[in-house]
Amino acid sequence: MSIVLFHTYLRYALAGAAVVLAILTVLAVKRGKGGLGAALGVATLAAGGALATEALVNLTVKLAAPGATDFNEYRWVMLAPWGRLGLALGAVAVLLIVGLSWRATRGAPAWRRATMIGLRAGAAVGALVVFLEPAVELRQVAREPNRIAFLIDDSASMGLAEDPQGPTRFERTRQLFRDSASTLDVWQRDHKTDYYTFSETVGATSLAGLAIMQPLGKATLMRKALESVRARYEGNDLAGIVLISDGAATGGFGEDASEAVMRDFLRTLDTRVHTVWAARSGLKDIAIARVNADEFAFVRTVVRIDAVIRTTGLTPQRLPVTLSTDGQPLRQKLVDLPAGDAEVTVTFEVTPPRVGRYVYEVSVPVAAGEAVTTNNTRSFVIRVIRDKIRVLQVAGQPAWDVRALRQMLKSNPNVDLISFFILRTQDDISLVPNDEMSLIPFPTRELFEQQLPSFDLIILQNFEYLPYGIGDYLENIRSYVEGGGGLAMLGGSVSFSSGGYFGTPVATALPVELYGPFDGDPVLDGGRYSPVLTEHGSLHPVTSLRYSASDNAAVWKALPPLVGTNLVAGVKPDATVLATHPRLKLKNGKPLPVIVAGDYGKGRSLAVMTDSLWHYGFVAAARPGDDGRHYTKLWENAMRWLIQDPDLRNLLVDSDAVEYVPNAPVRVTVRLLGRDYQPLPRGTVSLVVKRGADPLRAQQVQATKLTVGDDGTAVYELSGEDVAEPGVYRVEGHATIAGRQVDASDIFLVREGGTELDRPTGDPETLAIVASGTRGTALGAVETLPESLPFDAPRIVRVDRRTDVELWSRPGLLLLIVALLGLEWLLRQRSGYL
Amino acid sequence: MPVSRRGLLAGGFAAAAAAALGRRALADRSRKAPAHGSSKFRFGQLQLGSGSSWNPRPGALRRLGWELEKRTSIEVELEAAVVTLASETLHETPFLYLAGEREIELPGPTSIEALRRFLTFGGFLLIDSAEGATDGAFAASVRKLMAAVFPAPAKNLEVVPKDHVIFKSFYLLDQPLGRLAIAPALEAVERDGRIVAAYVANDLGGAWARDDFGNYDFPCEPGGERQRELSFRMGVNVVMYALCLDYKADQVHVPFIMKRRKWKPDE
């Protein structure tokens, strides 16, 4: 064990300097420059003295240390308690002594002067050693090898091959390890190697494990993997990480994150990460990279959907991009895709027709030689909600009932109202030129054909269709209701039977039976009456003006009487009579209905056989304390029921989310209400779950029968196995209420959580950033691992034996100091300096 | 029994015609049905003050009602209901007509409150001056009445601009002519964007009133019969406004509203 005071190069330099300085001293003396010669001589002695000191220290240690022990490390220790201050004071004292000596030897020959100064300085240094009490601590230590962690990407994108005939990225990784066997042997002399794979999670593996493993991970959570591996070595000695990946990171790293964010994170790792790019260029792919659309949209309001098409490694081409829902194409656009790597945005505009959940899909066809085909389609869910209730009010003549309804609807901020009133009929006399009147033609085609589906509710108020040539459009109104729309017909002199609706498609959708033209029965009654709520009517959402049935009955009783009734022939079998006439009867002896609600197809219709409901508003307001609010409440109720507010549906099926990852359990809540919209305890609901965008071709994955509880609800949980396959799922519920079948459905999407194969192209840039952010080396697309790759040396030390060699307490040191001082004194004597 | 194509066609036409006629007949039957409740429009003639001063132009409302029935789709009960502010049936005739030719006594607080409720919750009051002056005693009474019903700082009678919907609710008009043409503008009280009371100083009733022999009671000055026609048109417009409110203001925009909102959904 030798003590090294000077590096080898410095040692040579000191020796060389001593020789050169000696020559220079001789030259200076010969030229008569005594001062310079003396200075050079002192420098020569200093250089030589330094080398001599190192030799003396080594000699001392060698003599003092036990020879049998193989010490392999040493360190300097200072035994005196003076600390740094003592060292500084000692150094100053030595310099002072040298300075005084320089002054005291003025006039002496150069060599002699230099020698005297040197001797005194040597003695001073010796005294300094005694003062500071230095020692060498000799140690026998052993080092633990530290770890190299190999972090290998086993996500699905590593299973891709840029060349269909060539190796996959993962196969290339295996080959890299086979070809780097000698390098690994070299590294294992000082390090141990650990192997990990990562995708969504990090798992330990081995080279043997890698050989049989398949890359199937559904994400490339590179950041999480680096974090996780680094955390495993917290407190342990990590030499570095070798990251082998295609660079297509997901989960807030790589393309998803800014470089600054990545670098901030990489700094926290505090270890080198060397990277190897397992991918190669040349991959061919077209992908729906992103779809930007709001999660919520308003019904019948244009929704903008931006789809970003990413093309990689393909020749320029024109491709159709299709937007579809329910398996049916809605829109298609041709897009010119440039060569190479590019992104093109395609914008679609759609107008959802109804409230509910919609699963849309954007797709592009598969190109020849494409590496990944699953990213050519992308599904997403838009929840369509109602912003305003769109109401069409068509009135056959201006009247107070018409005015009251219009005023109520116009003042309701949730209603978008289109009114059309017939102000003049063909029977009316017109002696006035048209340009002196404000009348416009009845836009029948626009209202009843083009715009009909845009309304949530159509109100036909004392309106006869015959004079206006809209007989052809009555079928549109019927199919509108059948398809889910709301229809209200209000009475009056030209409504119901007297409006000529008997036998028309509109009559089919109404909840009441009308009199035919040749029946001969009276169709109108002008009497005054207070309608009577039926049992259903006392609880039905339309006629519930108060929450409790008794309060409601009291309110109805206190309302002002109505005037005038449209007589009808009967009530449709599955319709619900809410209020009846107190005196008039149907032919079957039952009370004449005044307000009747019914379902027709997917829609609802309401028949109000009077045109005096306005009495509940303005006439009621004659009484102090009444502001006519019951009229408003009645109509608000009616609108909610007619437009099928979710709370007012007999059967509701609702999944607890709109999007799930495969195998995640799905909770479906079912709520069943009876005919009076009160919970139907212990009712039975058939539930069928199907998979497939196209409802006609969807495959059944589960079917069950549920019995709802006393509160009318039940929860069904689909197991992970039922929803393992990605796709569009539909839950259809069927129940029978009072002999009538009611249906409800919901839709949800099962989709891979990650975006692993959405962007399959390898990304060497990400790996380069990882390497440069951690002092590592980005090796790029290498075939073997280079031996020279730098790793941190092992830091963990084990000390087996230790001994201290005190330099200051050696007797030789004392002799040396005395000898030096003696020589110096002798020289001074001989030179005549005392 | 074999049926020829001609026979089948003839039968089909006959059936269709019968059905159409049947419906027509039913519609006609309904139109002629006796007093079908509240779908018929009926004037309420407000009896305010003493004596017969509340009805200076007997027969005027009946004549306007007849014109309404003939010119528009409104079904009219020709006989006006005479009501007072204390009448229990006041709110069953939401259109009140108040005429006068001399000062009227301000009604008591209960009546004033009743009129306020009537106008606030949807009623309409047409005030027609028959005194032939814009600053007469009746006009002063009317202003006092309106100030009592809607005390300051609420707005009192104000001139109605010519582009107001009341001037285009059926006919296109620009001033409220009556028997006279002394006041160029209609004055009205607006509440929540709705005219609740309108005042005309031109004696509308004077232009409408007719005797039992079919002769108009008064000549119209200075415009003669053309002025009478415009007076009827004003009456029609006022009733139409009361029944349809601002319908004409939005109705002409329907196509634009629909197009702008892109309402047409995907099929």
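**View 1. K690(A) stands opposite R730(A) in β34(A).** In this predicted model, local features need pLDDT of at least 70 and side-chain atom pairs count only at pLDDT 80 or more, whereas totals for chains, interfaces and linings use all residues. Residues are numbered from 1 along each chain as its sequence is written, chains are lettered from A and ligands numbered from 1 in the order in which they are written, and side-chain values use heavy atoms, with hydrogens and water left out. Strand β31 (residues 684–691) and strand β34 (residues 727–737) of chain A pair in the antiparallel sense over 6 bridges; strands are DSSP runs of E of at least two residues, helices are runs of H or I of at least four, both numbered from the N terminus, and two strands pair if DSSP finds at least two bridges between them. Both belong to an open sheet of 5 strands with mixed pairing, in the order β29-β35-β34-β31-β32 (chain A). Because β29 (659–660) and β32 (699–707) of chain A each have a single partner strand, they stand at the edges, and one side of each is left without a neighbour in the sheet.

**View 2. β11(A) and β12(A) form a hairpin with 2 residues between them.** Strand β11 (residues 317–325) and strand β12 (residues 328–337) of chain A run antiparallel and are joined by 9 bridges, with R331(A) in β12(A) as the bridge partner of L323(A). In the turn, D326(A) has a positive phi of about 55 degrees. β11(A) is also joined by 4 bridges to strand β14 (residues 356–363) of chain A, again in an antiparallel arrangement, and here S324(A) stands opposite E361(A).

**View 3. An open, antiparallel sheet of 3 strands has the order β1-β2-β37 (chain A).** β1 (73–78) and β37 (797–806) of chain A stand at the edges, each with a single partner strand, so one side of each is left without a neighbour in the sheet. Neighbouring strands of this sheet are turned by 25 degrees against each other on average, direction ignored, where axes are lines fitted to C-alpha atoms, for helices over the stretch in contact, and angles run from 0 to 180 degrees between N-to-C directions. Helix α2 (residues 34–64) of chain A packs on the sheet and touches β1, β2 and β37 of chain A, its direction making about 105 degrees with that of β37(A); contact means heavy atoms within 4.5 Å.

**View 4. S612(A) lies in the loop between β27 (603–608) and α15 (629–642) of chain A.** S612(A) is buried, with a relative accessible area of 0%, where buried means under 20%, exposed over 50% and partly exposed in between (1.4 Å probe, protein chains only). Its side chain makes a polar contact with the side chain of T610(A) (2.7 Å); such a contact is a pair of N or O atoms within 3.5 Å, and within protein one must be able to donate a hydrogen and the other to accept it, while residues adjacent in sequence count only if both atoms are side-chain atoms.

**View 5. The buried residues of α4(B) are F138(B), A139(B), S141(B), V142(B), L145(B), M146(B) and V149(B).** They cover an arc of only 160 degrees around the axis, which puts them on the same side of α4(B); the arc is that of the directions from the helix axis to the C-beta atoms. These buried residues pack against β3 (95–100), α3 (109–120), β4 (124–129), β6 (187–191) and β7 (194–200) of chain B.
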